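The entries below follow the order in which I checked things.

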Amino acid sequence: MVWLVEDSALERERARRVLEGHCVLEAFAEGPTMLEKLALGARPALVLLDLNLPGISGIELLRFLRTQLDAAELPVLMLTGAGSKADVVESLLAGANDYVTKPYDPSELIARVTSQLRTQQLHQRLQQAEEGFRRLAAHLPDVVARFDRQHRHIFVSPSIRRFTTEPVEHFLGKTNADLGMPAERVHQWGAAIDEAFTGREVVIEFEFPGLEGQRVMESRLLPERDARGNVLSVLSIARDVTDERMRAEYERHLIGIVSHDLKNPLAAILMQATVGLRRAREDAGTRDILERIRRTATRATGLVSDLLDFTRTRLGGGLPLVTSHQDLRDVVAQVLEESRVARPDRRLRWEVQGQTELVADGERLAQLAANLLANALQYSPAESEVRVQLEGLPEAVVLTVHNEGAPIPAEALARLFEPFQRASAEQDRSGRNVGLGLYIVHQIARAHGGQVMVRSSHEEGTTFVVKLPRVRAAASP
């Protein structure tokens with residue numbers, strides 16, 4: 001709906017004919033009548049206001065409108081006299097959004113009215129989106145805040161009251177420095193906000209003196225853009241991770257302590273079983289029992305090693321590497337030979353192409369290959385073949401392990417290299433797998449600056465591909 005305030009009946013009729021088909025037009029012969037309807041709650045999308053009105057002039061009417069509604073809430077298009085620049089300037093200073101000079105060209109009036117209506121529609125959409133955002137933020141447990149380029153809070157969600165006795169209004173218009181935040185944290189926040197204004201997503205962790213004591217908070221800072229992609233503000237979504245961090249720290253230490261304390265007795269069992277096997281050369285029954293003990297202890301030692309590696313990576317130290325010049329062909333061949341001895345019932349195919357030398361930790365790469373091979377054997381039919389390939393590329397060596405087992409479910413693929421996950425929907429009833437093998441594979445490849453990928457389908461089976469640079473690069477993310 002467009003309102004036209006014009007005292008000339010001839011001009012009102014002309015405007016109606018020009019705008020017919022482009023908008024719904026309601027005309028008023030004087031300002032007071034229009035103001036009365038506005039006071040009753042009616043609201044147009046746009047007002048066409050003649051500058052020269054009897055009684056209350058167009059400028060006076062415009063100034064009164066601006067005391068009630070701003071230019072975004074109620075756009076006004078002034079109809080001014082031709083050749084009067086002073087009228088145009090006065091109209092714009094009084095709050096007009098645009099103007100058209102009389103006598104106007106019909107196409108110009110249509111274009112300017114259409115432009116203002118389009119702008120008003122966009123404003124309404126933004127307003128609705130903002131209202132929806134505020135309603136959502138009001139119900140979130142996380143603290144949502146918005147910052148301008150001067151690092152001032154221009155929005156804070158009511159959830160801030162979970163951590164402080166101060167009302168939302170206490171934060172608005174203030175920077176973190178204004179709020180008394182320590183200088184070191186002010187600098188941390190300032191750097192993060194500035195980086196987010198460059199268009200990047202930033203995550204920071206900080207301590208917050210909450211009502212229940214010191215809390216650990218994690219905040220994700222997101223750039224908010226306009227339709228042209230310009231960053232207008234930065235949105236911060238902060239959540240309390242205190243309990244989560246404490247629980248994770250406890251779990252890491254517990255796993256580390258348990259696995260470390262298991263390693264020594266397992267080593268003793270292995271040593272005694274090995275000594276017993278040497279002495280019981282003539283007693284087949286005893287040798288069989290000792291061999292089973294040795295295999296079980298070896299398997300348990302592998303699980304403990306995985307747990308220790310998991311603890312190292314979760315504590316932030318990464319996997320330690322001792323690198324030297326290696327030929328991956330020799331490393332993988334030894335792993336295959338051990339697998340053939342342990343699993344004589346399975347068919348293993350071994351292919352090598354090109355030069356396979358690289359600088360790496362040989363023991364870690366043997367662990368990587370053994371984990372992939374064990375995974376392939378475990379999740380494939382006993383009568384099927386497992387294929388292992390090495391290919392030397394100019395800058396890297398690629399290890400591929402393929403099996404013909406059931407495909408990995410799509411929902412499992414996304415988290416396959418996370419800890420305590422398995423490469424099959426089936427449960428491992430043997431107890432030989434805690435779900436760390438593929439996680440360790442990923443961490444070893446990452447420590448070497450390489451990467452590991454997987455593809456799985458009914459038609460092609462499951463294939464793991466590890467690409468390792470010949471010269472160790474920085475750890476990939």
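Before the helix pair, I noted how its angle is defined: axes are lines fitted to C-alpha atoms, for helices over the stretch in contact, and angles run from 0 to 180 degrees between N-to-C directions. I also noted that this is a predicted model.

**Entry 1: the helix pair.** I looked up helix α10, residues 362–378, and helix α12, residues 437–447. The two pack at an angle of about 145°, and their axes are 9 Å apart. I recorded the crossing of α10 and α12 as left-handed.

**Entry 2: who meets whom.** On the α10 side I listed Arg 364, Leu 365, Gln 367, Leu 368, Asn 371, Leu 372 and Asn 375. They meet Gly 437, Leu 438, Ile 440, Val 441, Ile 444 and Ala 445 in α12. Sorted by class, the contact of α10 with α12 has 8 nonpolar, 4 polar and 1 charged residues.

**Entry 3: the whole protein.** I found 12 helices and 17 strands in the protein. How does the radius of gyration stand against that of a compact globule of 477 residues? The globule would have a value near 23 Å, but the protein has 36 Å. I wrote down the box filled by the C-alpha atoms as roughly 125 × 55 × 40 Å along the principal axes.

Entry 4: Of the 477 residues, 42% are buried. The accessible surface comes to about 26300 Å², and 52% of this surface belongs to carbon and sulfur atoms. Last, I looked at contacts with a separation of 6 or more: residues 24 or more positions apart account for 58% of them.

Note on methods. Residues numbered from 1 in each chain as written. Predicted model: local features only at pLDDT ≥ 70, side-chain atom pairs only at ≥ 80, totals over all residues. Heavy atoms only, no water. Helix = DSSP H or I, 4+ residues; strand = E, 2+ residues; numbered from the N terminus. Left-handed = near helix turned anticlockwise from the far one by under 90°. Contact = heavy atoms within 4.5 Å. Nonpolar A, V, L, I, M, F, W, Y, C, P; charged D, E, K, R; others polar. Rg over C-alpha atoms; globule rule 2.2 N^0.38 Å. Buried < 20%, exposed > 50% of the residue type's maximum accessible area, 1.4 Å probe, protein only. Areas by Shrake-Rupley, 256 points an atom, 1.4 Å probe, with all protein chains shown as cover.
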